[in-house]
Amino acid sequence: MPAQKARWVFSFSLLLFCASSIPTQGSARLLQELSPQEYFSSLQAGRASLAYFSHNVSPGAQPFLEQIEHSAEALQDYGVSVVKVNCPKEDVSRYCGKENALRKAYLFRGNMLIREFPTDALFDVNSIVANVLFALLFNEVKYVETLADLQNIENTLKGRSNMVFAYVPATGTAEHRAVMEAAFVYGTVHQFVLTTEAMLLKDTGNGESDASSARLLFCHCQRATDLAQPCRRTAMGQTLTMLNIHRHLKLMGAPLVTEVAEDPEKVSTVHLQLGLPLVFILSQKETYEADRRTAEFVAWQLLGKAGVALLSRDLVDLNILLRSNVALKTPDEGVPIKYLVLEDTDEVIKLVEDKNKVKRIQEDEEENEEDEDEKENNSQDIQDDQVVEAVSRDKKRELPLEQILVLTEETFHSALSETARTVVLFYASWEAVSLAMLRSYTKVADHLKGMQGVLLSRVNCWDWPSVCTAENVTQFPTIKIYKKGERAVMYDGMWGTEELTSFIMLSRVSCPLKLATVDEAERYLRGEFPSELSSYHHTSLLGVFSTATNEARKAFEEAGNILTGHVTTGMYFEDDALALSRKYAVSPPALLLSRSGGQSVEGIALSKQSAQEMVQMIRYELLDVFPEITVQNLPRYLQLRKPFLILFGDGDISQMESKEMLKLAKGGPQQEFVACWLNLKKTPVGRGVLKAYFATVPSLPVLVWVNLHAGGQVFKFPSEQSITETNVLSWLGKLKAGLEIPSSTLSEEDWKPPLPAYDFLQMMETAVPELALHTSHHRRDTSERRPSESPGGDTGVREEPSQETKAEKVGSPGRDLRGTAPRLAAREKQGKRHSEL
């Protein structure tokens, strides 16, 4: 038997036992019969009594006396005695002598008359108890007829006490009695207000078409401090009985949100004790403030229907999926807690209101997982994006995100000001490339663990669009590095762990680094300075300037700022700069390029004067003379828009071939093409390239000439000839003269993605319309067409700007369950966006 049902059965059984223990004559003895002298002499100061005076009981008065007798027991509970006063025939006093007086009942407090009731108004026990208590509580229970009266009472209570506002169609009813009995018990805690005016109920925004239904509203005036805002009101959904009112007031008196720091299975609140479910919002310390507001928002919506608790993951060891953000505990014994992944607060509310919702959500998740598994196993060929496929394949693997700080609207700027250098990943929790980037980002965090002065953090733009808009983030993922007092540096390299780690490390050093002595300059060229980069292999660039080359120095400084994180640049412009430049046979302004830890230093004249020209020149000089082509560096060489002379090998190329190709690359025609090589073992995608060139993979090594930017013709170096500088130059001469026949010609079709690019802002505006106010001023027509939509798609709450809606605007967390648990797996309705575009 469920726990709640067992409690009700026990209480009802106890009530029956107590009732059966009362002697059958007990109720009769409660109605006293006294003479007028005896009655008035027995009155006690402060004690209330209801008296009915009569000479003899006529048949018409008999039903009234029966009801009076039955009400004696109920009134006794409230300290009111019921007395039948037998008047002698000769008595002509005020209460016994007049015929009209004999048709009334009188309520006394001590010897003071409080109220006289016509007997036809006391037609049953409910009417008797209701009218008597109403009269006794006349100064405590306010009766109002107009909205202005109600608002005046509200204003006097704001910040001090709460109000219970009840509408009953008529006095003397069972509902009126229930309200008065509740007022008798709770009148010292809450201000009770009563009305019988149906129009007043409608004026409060809670009226129904059926004016015969009694209603009770709990008004949270104690929380209201602004006189301009009405008190929040929570309607009681059940019929007005004393038990239901007591239950409702108990719920209203419970904490709005309970903070939990223990196993949720052991948690018990007044909601569970009263047979209502308890909703847990799962939180973490980085997003506590946002989660707290989310929990409060949900609690207001579910007030009287369910309890809400904030459960901290950091304080409780939960053996659940990290992506779960909501849990539901029912009052039924033996039913385990359900952990769910919900998109927004509307789903939480539906979860409580629809008891079958939990079962359906779990079934949907299981079906989705089965469908996705089936697609992975049987239909991977229909995937339109390899990144989506990879993320889907690894969707069940939780990421170790503990070392990456979650930033919100409240914590973003404070985090930037507290740390010397903050790395921020801006991403969308449902987008495949973002989720793939998170995997690399966690590895970077592991590599940089314990490093002082560097904080790795993340902002989910789906939860905090205003932060991303303010930081001019228009694509996902985006990485920026913030340093105190300097502008943010955006990362535009490959998303690999090694590349990103190198970028973060290089960005720690000032660019350009100003060197004070010749010794520092020499150590910098050898890769020994600065010390924090000693373990990273990188090319050092040193600008040497004299006092007469200030314009070039300023352009070099600006170029260094642009290249921050991609390369280290140093700058030397002291008095002995000429001595340093003479050593390397250059004249200021000049650039010294040091490769392989200073083993070779190349001097380059800085003839370019603008910063952008210097940036282009430096990027070109950083390219290797005879590079190994990889997936990571291929874009840099494609940007040169030159033909490729590629040596494909199944492993490292021989020393002889490397020497000959290097001579070829350094020779006269090196400006005309890119001489490079590709290791198929290290870069397996090269096999696919060769198949595109020749249909089958030829014997290796093979030297190939291909011009991707003009005609797409592919030429294969004769396999019977050895790869030497002389042979290759002779072959290239034949190519130029048109004497060689191409092995194949690549299609002229542009390399484009199979689907249009994501328009992230448009997608976010569709789901979060208020974002359009910040990000898309030219789409005013779009926002005007959706004036009533809420962030989670709920239009009902926004249609009526009730007092609750107004109160929520100040600190509303919106409809999203933003910031709760990291939502690392794309939900069904979000995951479909890719195929819909």
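Student: Why is Arg553 called buried?
Tutor: This is a predicted model, and the value is computed from it. Arg553 has 16% relative accessibility. Buried means under 20%, so Arg553 counts as buried.

Student: What makes Arg553 and Glu557 a salt bridge?
Tutor: The N to O distance is 3.4 Å. The cut-off is 4 Å between a Lys or Arg side-chain nitrogen and an Asp or Glu carboxyl oxygen. The pair therefore qualifies. Side chains of opposite charge can pair when their charged atoms come close.

Student: How do you know that about one helical turn separates Arg553 and Glu557?
Tutor: Both residues belong to helix α20, and they are 4 residues apart, so the separation is about one helical turn.

Student: Why does Glue557's other contact, with Lys514, count as a salt bridge?
Tutor: The closest N and O atoms of Glu557 and Lys514 are 3.8 Å apart. The limit is 4 Å, so this pair also passes.

Student: What does the Glu557 and Lys514 pair tie together?
Tutor: Glu557 lies in helix α20 (residues 550–562) and Lys514 in strand β21 (residues 513–514), so the bridge ties together parts that are 43 residues apart in sequence.

Student: Is Lys514 buried or exposed?
Tutor: Exposed. Its relative accessibility is 53%, and exposed means over 50%.

Student: What makes Asp650 and Arg687 a salt bridge?
Tutor: Their side chains meet at 3.5 Å, N to O. That is within 4 Å, so the label holds. The pair links distant parts of the chain, 37 residues apart. Asp650 sits in the loop between β26 and α24, and Arg687 in helix α25 (residues 685–694).

Student: Why are Asp650 and Arg687 called partly exposed?
Tutor: Asp650 has 42% relative accessibility. Arg687 has 35%.

Student: How many salt bridges does the structure hold?
Tutor: It holds 12.

Student: Why is Phe648 called buried?
Tutor: The relative accessible area of Phe648 is 1%. The limit is under 20%, so Phe648 is buried. Phe648 is placed in strand β26. Beyond its neighbours within four places in sequence, Phe648 contacts residues including Leu678, Leu690, Tyr693 and Val704.

Student: What makes helix α18 mostly covered?
Tutor: In α18 (residues 497–507), 8 of the 11 residues are buried. Among them are Leu500, Phe503, Ile504 and Met505. The buried residues of α18 pack against elements including β17, α16 and β23.

Student: Why is α4 called oblique to α5?
Tutor: Helices α4 (residues 62–76) and α5 (residues 125–136) pack at about 50°, with axes 9 Å apart. Roughly parallel needs under 35 degrees, and roughly perpendicular starts at 65. The angle falls between those limits, so α4 is oblique to α5. The crossing is right-handed.

Student: Which residues make the contact of α4 with α5?
Tutor: On α4, they include Ile68, Ala74 and Leu75; on α5, they are Val125, Ile128, Val129 and Val132. The contact residues divide into 7 nonpolar, 3 polar and no charged.

Key:
Residues are numbered from 1 along each chain as its sequence is written. This is a predicted model: local features need pLDDT of at least 70, side-chain atom pairs count only at pLDDT 80 or more; totals for chains, interfaces and linings use all residues. Side-chain values use heavy atoms; hydrogens and water are left out. Helices (H or I, at least four residues) and strands (E, at least two) are DSSP runs, numbered from the N terminus. Buried means under 20% relative accessible area, exposed over 50%, partly exposed in between (1.4 Å probe, protein chains only). Axes are lines fitted to C-alpha atoms, for helices over the stretch in contact, and angles run from 0 to 180 degrees between N-to-C directions. Angles under 35 degrees count as roughly parallel, over 145 as roughly antiparallel, 65 to 115 as roughly perpendicular and the rest as oblique. A crossing is left-handed if the near helix is turned anticlockwise from the far one by less than a right angle, and right-handed if clockwise. Contact means heavy atoms within 4.5 Å. Ala, Val, Leu, Ile, Met, Phe, Trp, Tyr, Cys and Pro count as nonpolar, Asp, Glu, Lys and Arg as charged, and the others, Gly among them, as polar.
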